[in-house]
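Please read this briefing alongside the sequence and the 3D structure.

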Amino acid sequence: MKKIIAIVLSVVVVAGIGVGLYFYFSDRDMPKPVDGEKTVTVNVIANGQTETFTSKTQEVYLRGLLEQMELIEGVESDYGLYVQKVNGIAADESLEQWWKFSLNGEMLQTGVETALFSDGDVVDIELIQGYDSF
């Protein structure tokens with residue numbers, strides 16, 4: 001009986017260590033919110049034109065920044081805000097248009113809800129035509 005208890009206890013300890021290491025190392029790669037004032041440049045690219053905006057903000061997430069700048073409009077979905085308009089320009093779904101968000105040249109892999117940014121970052125919001133255009 002003592003042997004079985006020792007084996008079960010060993011398995012639990014090893015599993016606990018494995019889970020702890022997993023969360024320790026996976027959390028280290030996750031971006032952390034940056035507090036304090038940040039200056040961010042936002043480029044809106046649509047219809048062959050680029051309009052550039054610069055803002056100082058205390059916001060942490062991209063949605064907060066873009067709403068503070070009054071640049072985005074959309075509808076709430078199960079996944080967060082579905083951006084339909086940027087700087088007053090609506091994406092036309094009948095033409096398969098959509099808004100592509102990039103941060104420092106890299107396309108966002110999250111929605112604007114959870115996208116973090118830092119001081120000096122550049123956000124590009126580009127109107128794209130064609131759903132197979134990435």
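Of the 134 residues in the protein chain, 30% are buried, where buried means under 20% relative accessible area, exposed means over 50%, and partly exposed covers what lies in between (1.4 Å probe, protein chains only). This is a predicted model, in which local features need pLDDT of at least 70 and side-chain atom pairs count only at pLDDT 80 or more, while totals for chains, interfaces and linings use all residues. Residues are numbered from 1 along each chain as its sequence is written, and side-chain values use heavy atoms, with hydrogens and water left out.

**Chain overview**

- The protein chain contains 2 helices and 8 strands, taken as DSSP runs (H or I of at least four residues for helices, E of at least two for strands) and numbered from the N terminus.
- Along the sequence, these elements follow one another in the pattern α-β-β-α-β-β-β-β-β-β.
- Of the contacts between residues at least 6 apart in sequence, 54% join residues at least 24 apart, a contact being heavy atoms within 4.5 Å.
- The chain exposes about 9,100 Å², of which carbon and sulfur atoms supply 56%; accessible areas come from the Shrake-Rupley method with a 1.4 Å probe, and for residues only the protein chains shown count as cover.

**Strand pairing**

- Strands of a sheet pair through backbone hydrogen bonds, either parallel or antiparallel, and two strands are said to pair here if DSSP finds at least two bridges between them.
- Strand E1 (residues 38-46) pairs with strand E2 (residues 49-57) in the antiparallel sense over 9 bridges, and within this pairing Asn 43 stands opposite Thr 52 in E2.
- E1 also pairs with strand E8 (residues 122-129), in the parallel sense and over 5 bridges, with Val 122 in E8 as the bridge partner of Thr 41.
- An open sheet is formed by 3 strands in the order E3-E4-E5, with antiparallel pairing; its edge strands are E3 (72-77) and E5 (89-90), each of which pairs on one side only.
- Within that sheet, E3 and E4 run antiparallel and are joined by 6 bridges, and the bridge partner of Glu 73 in E4 is Lys 85.

**Two loop residues with positive phi**

- E1 and E2 form a hairpin with 2 residues between them, and Asn 47, placed in the loop between these strands, has a phi near 55 degrees, a positive value in a residue other than glycine.
- Asn 47 counts as exposed because its relative accessible area is 61%.
- Glu 96, placed in the loop between E5 and E6, also has a positive phi near 55 degrees in a residue other than glycine.
- Glu 96 has a relative accessible area of 36% and therefore counts as partly exposed.

**Ser 102 and its surroundings**

- Ser 102 lies in strand E6 and counts as buried because its relative accessibility is 8%.
- Not counting residues up to four places away in sequence, Ser 102 touches Met 107, Leu 108, Val 122, Val 123 and Asp 124.
- Ser 102 and Val 122 are 20 residues apart along the chain, and their C-alpha atoms are separated by 8.2 Å.

**The largest pocket**

- The largest pocket holds about 510 Å³ of space; on a 1 Å grid over the protein atoms alone, a pocket is an open set of points where a 1.4 Å probe fits, with protein on both sides within 12 Å along at least five of seven lines.
- Grid points are joined across faces, edges and corners, and the volume is the space filled by probe spheres set on the points.
- The lining of this pocket has 20 residues, of which Tyr 82, Val 83, Trp 98, Trp 99 and Phe 101 lie nearest its centre; lining residues have an atom within 4 Å of a point.
- The elements that give two or more residues to this lining are strand E4 (80-86) and strand E6 (97-103), and E4 supplies the largest share, 5 residues.
- By residue class, the lining of the largest pocket divides into 12 nonpolar, 5 polar and 3 charged residues, where Ala, Val, Leu, Ile, Met, Phe, Trp, Tyr, Cys and Pro count as nonpolar, Asp, Glu, Lys and Arg as charged, and the others, Gly among them, as polar.
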